[in-house]
Amino acid sequence: MGLTAETLEALRGEPDWLHDRRESAFATYERLPSPSRTDEEWRRTDVSRFNPAEYSRLEHSNGMQLNEPAGLARGVILEPLRDAARKHPELIEPRLFSLLKADRDRFAALHAAFFTGGTFLYVPDGVVIDQPVIGQHFSHSSADTVLPHTLIVAGRGARFNYLDEYVSEDSEEAGYRSGSAEIFVGDGAEVGYVSVQKWGRNAWHFGDVRARLEKDASLRLFNVTLGARFSKTRVEASLQGQGSNAELKAIYLASGEQFFDFHTLQDHQVGNTRSDLLFKGALQDTARTVYAGLIRIEKGAARSDAYQANRNLVLSDHAKATSIPMLEIDNNDVRCTHGATVGPVDPQHLFYLRSRGIPEQTAKRMIVQGFFGDVLERIPFEHARRLIETELEARLG
């Protein structure tokens, strides 16, 4: 079953408002042209070789598994998103695709029209969940389209951690994939969100994560990109409440012919807000990465603090990293810094380890692990930290 109007009809059984929203997104998809090199966001990213129609079957469940902590408090809702849309429309209808707009581009519209699987998590005011909530999304075969979507709502003063893990059963699997999330962080809430993408090495991945923070809200968001031949990820935080704080971190490890593209936005809409972004990547073989990040300080956002850094460690003469940090500031009473580095392994560090009898490949692995260390230690819960460390060790050999 391809991505056609007939496919939308096969998704019947949902509320009318959701089906209408899917049809609107599909109309947007058909209307919009494919991104091209003339579009600023896509200037360094070539998608001309990607045709979603090649991946003919839409997986309806995408093998989703929810690991629910024991003893969830009354009022917490943790359900597959399509089920929750029927049972809790008052919570979902006003929010679903309100942060991730279907008209952003053709791929965003396609995701909004055909998303399947995915999770809805609602944590009421004042509720604390001690153990992390884990959503695992599996793909089972090549030529499938797997488009999970996560919707998280944190009430006033709520506190919890959430992990989205995107997994292929075959490491060489192809296909069209996404993994997107919308996160609403209420007044004074504290949310940790970690996304780990490890689709098959031949997959095409398009993922968006966008969060909205209210007064005194705190978000620690971590993105880990390891899989897919092509991966485009957008990570965006909108600070709409005084005193809100967003910490945005990422790790990516690209090898072979992988291409990773990252776009980030730290949008300070009001004053007395803070954001801190650090994206770190290592590249080997003939891999390529592109990072473009924007700090935007709105006119009324006095006394905003914003930090942005992108660091790249290039492990091969044939790998290439491009980094473009940007500022857009409409208020003078702010503090902003940004920077980027692209460089090889320090030969003195390598010499020091080799002089102590450590083989070159082992020495490089140790240097990469140390390079990622300050991001790994900031991951907000142990389960995700162990998972990511294990994945990195396996991929570094």
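In this predicted model, the axes of helix α2 (residues 16-31) and helix α5 (residues 106-114) come within 8 Å and cross at roughly 155°. The two helices are therefore roughly antiparallel, a label for angles over 145 degrees. The crossing of α2 with α5 is left-handed, that is, the near helix is turned anticlockwise from the far one by less than a right angle. On the α2 side, the contact (heavy atoms within 4.5 Å) is formed by R22, A25, F26, T28 and Y29, and on the α5 side by R106, A109, L110, A112, A113 and F114. By class, these residues comprise 8 nonpolar, 1 polar and 2 charged.

H349, L350, L353 and R354 of α6 meet E360, A363, K364, M366 and I367 of α7. Here the contact has 5 nonpolar, 1 polar and 3 charged residues.

Residues are numbered from 1 along each chain as its sequence is written. Local features need pLDDT of at least 70, side-chain atom pairs count only at pLDDT 80 or more, totals for chains, interfaces and linings use all residues, and side-chain values use heavy atoms, with hydrogens and water left out.

Conventions
Helices (H or I, at least four residues) and strands (E, at least two) are DSSP runs, numbered from the N terminus. Ala, Val, Leu, Ile, Met, Phe, Trp, Tyr, Cys and Pro count as nonpolar, Asp, Glu, Lys and Arg as charged, and the others, Gly among them, as polar. Axes are lines fitted to C-alpha atoms, for helices over the stretch in contact, and angles run from 0 to 180 degrees between N-to-C directions. Angles under 35 degrees count as roughly parallel, over 145 as roughly antiparallel, 65 to 115 as roughly perpendicular and the rest as oblique.
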